[in-house]
Amino acid sequence: MESLRLNAPVLAVESSCDDTACAILSHRGEILGERVHTQAEHARLGGVVPEIAARAHLSLLPKLVGDVLDEAGLSLDDIGFFAGTTGPGLIGGLIVGSNFAKGLAIATGKPFIAVNHIEAHALSARLPGGEVETTFPYLLLLLSGGHCQCVAVRGVGDYERLGTTLDDAVGEAFDKVAKLLRLGWPGGAALEKVAREGRSDIFALPRPLLGRKGCDFSFSGLKTAVTRHVGQYNDQTLTRSVVADLAASFQTCVADVLQDRACHALAMFPQARALVVAGGVAANQELRDALKNVATAAGIHFTAPPIRYCTDNAVMVGWAALETVNACKNAQKNVDDGIPIEARPRWPLDDLKNRS
Ligand code: KG4
Ligand code: ZN
């Protein structure tokens, strides 16, 4: 195998859930080519079906890789190294995508870098081209369909999970409530849209864990409360205006909870110079505004990566690989030290400490 060519592009693959993605980044992090295919087949089934997702990744990846190479005007020989998400996530998809990238690495005699999906979200705020450069240390709020965490990001490979959800992820709560309100799946964006027409003070809803010590989350009680309200209506009486009021009440509730949890997390991590939000739910404007207010009150920067890099993508995977390679070079460490390259559904961030 060739040794790592640090000034050549990286080709990265993401396949941990229902987005199949591929990207090529220059060694400086410029995006030379990118594709994300969100698998539509899960919508009619009301949720991600792991087996279907894994098969879809397998059939989509060869074309996506060809497309990004064409867009970048490169061939596989021009790639310096390959990267793939190896966890955490749905194991079938992780096996397919990471082994696809590994196969390309073996076929071309180049190195393969295993990337942790949460780390990729955590570092995406540092992608070049942002309004302000996000420097360490910062607090990450990862708000997606699969994850809901507060993470202290001290440097590349140096993360501490400060809090997580005790039940549902925040995106999962949006999706379940959207389903109850007959807004389809995944329903976060549709819920935000209809909430704009509603009033948030019509329905009384609980704010789980508000004021509670630490920065864990809980959303299942909130979802149950919405279920109870919806149960008082039938198909005729659950009008657009009732749906809008319920959606607005739910969203404001989530905003209040996130503000409270973010304040607690910042108190636990006073060194943070910025508050960063990522994950699909970070696309929500009311939640972004609420969290920006928390950052402003704390006198620190607020950063949300562009929406297309908030949701799952391979650019963040390539970027995390570049950051890792550079951090390891600076620390004179081997990039493979202590990191198995097998796909695994669970991969705690703390394990990355061994790397750099
Ligand atoms: O990060 P992501 O693309 O995939 C996961 O890792 O889950 O996040 C998808 C989640 C879904 O739950 C979706 O409903 C939610 O993000 N979402 C939103 C919005 N756009 C997407 N939730 C609230 N408001 C939005 N505008
Ligand atoms: Zn994700």
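Which helix gives the most to the lining of the second largest pocket? The answer is α8, with four residues. This is a predicted model, in which local features need pLDDT of at least 70 and side-chain atom pairs count only at pLDDT 80 or more, while totals for chains, interfaces and linings use all residues. Residues are numbered from 1 along each chain as its sequence is written, chains are lettered from A and ligands numbered from 1 in the order in which they are written, and side-chain values use heavy atoms, with hydrogens and water left out.

- The largest pocket has a volume of about 1,200 Å³ (a pocket is an open set of points on a 1 Å grid over the protein atoms alone, where a 1.4 Å probe fits, with protein on both sides within 12 Å along at least five of seven lines; lining residues have an atom within 4 Å of a point).
- Among the 42 residues that line the largest pocket, Asp-18, Ser-144, Gly-145, Asp-175 and Pro-186 are the closest to its centre.
- Helix α4 supplies six residues, the largest share of this pocket's lining (helices are DSSP runs of H or I with at least four residues, and strands are runs of E with at least two, numbered from the N terminus).
- The second largest pocket holds about 530 Å³ of space.
- Its lining numbers 24 residues, of which Gly-130, Glu-131, Thr-303, Ala-304 and Pro-305 lie closest to the centre.
- Both α8 (285–298) and β10 (301–303) give two or more residues to the lining of the second largest pocket.

- Distant parts of the chain are linked here, as His-121 in helix α3 and Asp-312 in the loop between α9 (307–310) and α10 (315–330) are 191 residues apart.
- Both His-121 and Asp-312 are buried (under 20% relative accessible area, with a 1.4 Å probe and protein chains only).

**Strand β2 and its partners**

- Strand β2 (residues 19–25) is largely enclosed by the rest of the structure, because seven of its seven residues are buried.
- Strand β1 (residues 10–14) runs antiparallel to β2 and is joined to it by five bridges (strands pair if DSSP finds at least two bridges between them).
- Val-10 stands opposite Leu-25 in β2.
- β2 also pairs with β3 in the antiparallel sense, over seven bridges, and Cys-22 has Arg-35 in β3 as its bridge partner.

Key
Grid points are joined across faces, edges and corners, and a volume is the space filled by probe spheres set on the points. Buried means under 20% relative accessible area, exposed over 50%, partly exposed in between (1.4 Å probe, protein chains only).
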